[in-house]
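Subject: Structure for you to look at, with notes

Dear colleague,

Here is the structure I promised to pass on, together with my notes on it. Please read the notes with the structure open beside them.

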Amino acid sequence: SIFIPDAFSPDGNNNNEELFVRGSGIEKLEFKVYDRWGQLVFSTDNQQTGWDGTFNNKKLNSAVFVYTLEGNYIGGTTFSQKGEVTLYR
């Protein structure tokens, strides 16, 4: 199963600092985060790479962002997911 939190708070308290795709058995993924205007602010194909709430090395303000996730599990089964995540500062 895959889990993406619906909120995170990169505020320097070492708790919930980055947004990660969580799950096991994932072989390949493409995780993208967009701002409310549709601009891509983060993209990764590595499950170990999380988003820290920045874009072009600048901290983004609190807001709701949209994400897309596509990929496949070990064994070939594909998955696709869309949702929203809130960034709190």
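What follows goes from the chain as a whole to the sheet, the core and a few single residues.

Please bear in mind that this is a predicted model, in which local features need pLDDT of at least 70 and side-chain atom pairs count only at pLDDT 80 or more, while totals for chains, interfaces and linings use all residues. Residues are numbered from 1 along each chain as its sequence is written, and side-chain values use heavy atoms, with hydrogens and water left out.

**The chain as a whole**

The protein chain has zero helices and nine strands, where helices (H or I, at least four residues) and strands (E, at least two) are DSSP runs numbered from the N terminus. Its C-alpha trace spans about 40 × 30 × 20 Å along the principal axes. The radius of gyration, taken over C-alpha atoms, is 13 Å, which agrees with the value near 12 Å that a compact globule of 89 residues would have; the globule rule behind that value is 2.2 Å times the number of residues to the power 0.38. Of the 89 residues, 36% count as buried, which means under 20% relative accessible area, whereas exposed means over 50% and partly exposed lies in between (1.4 Å probe, protein chains only). Among contacts (heavy atoms within 4.5 Å) with a separation of 6 or more, 50% come from residues 24 or more positions apart.

**The sheet**

Five of the strands form an open sheet with mixed pairing, in the order β2-β9-β8-β4-β5; two strands are taken to pair if DSSP finds at least two bridges between them. Because β2 (7–8) and β5 (40–44) each have a single partner strand, they stand at the edges, and one side of each is left without a neighbour in the sheet.

Strands β8 (residues 63–73) and β9 (residues 78–87) run antiparallel and are joined by ten bridges, with T68 having K82 as its bridge partner in β9. On the β4 side, eight bridges join β4 to β8, again in the antiparallel sense, and here E30 has E70 as its bridge partner in β8. The pairing of β4 with β5 is antiparallel over four bridges; in β5, F42 stands opposite V33 and S43 stands opposite K32. The hairpin of β4 and β5 has five residues between the strands, and G38 takes a positive phi near 90 degrees there.

**The core**

In soluble globular proteins, nonpolar side chains tend to be buried together. A nonpolar core is defined here as a set of buried Ala, Val, Leu, Ile, Met, Phe, Trp, Tyr and Cys residues joined through side-chain atoms within 4.5 Å. The largest such core has 19 residues, of which I4, V21, F31, V33, W51, F65 and L69 touch the most other members. At least two residues of this core come from each of β4 (26–34), β5, β8 and β9, and β4 supplies the largest share, four residues. If neighbours within four places in sequence are left aside, V21 is in contact with I2, F3, I4, I26, L29, F31, Q47 and L69.

Which side chain makes a polar contact with the side chain of Q81? The partner is Y67, at 3.1 Å, a polar contact being a pair of N or O atoms within 3.5 Å; within protein, one must be able to donate a hydrogen and the other to accept it, and residues adjacent in sequence count only if both atoms are side-chain atoms. Q81 lies in strand β9 and is partly exposed, with a relative accessible area of 25%. Beyond four places in sequence, Q81 touches I2, I4, Y67, T68 and L69.

T86, also found in β9, counts as buried at 17% relative accessibility. Its contacts, leaving aside neighbours within four places in sequence, are with D6, A7, F8, A63 and V64.

N72 is placed in strand β8 and counts as buried at 15% relative accessibility. A polar contact of 2.8 Å joins the side chains of N72 and E27, and E27 is one of the residues that N72 touches when those up to four places away are not counted, the others being I26, K28, T77, T78 and F79.

With best wishes
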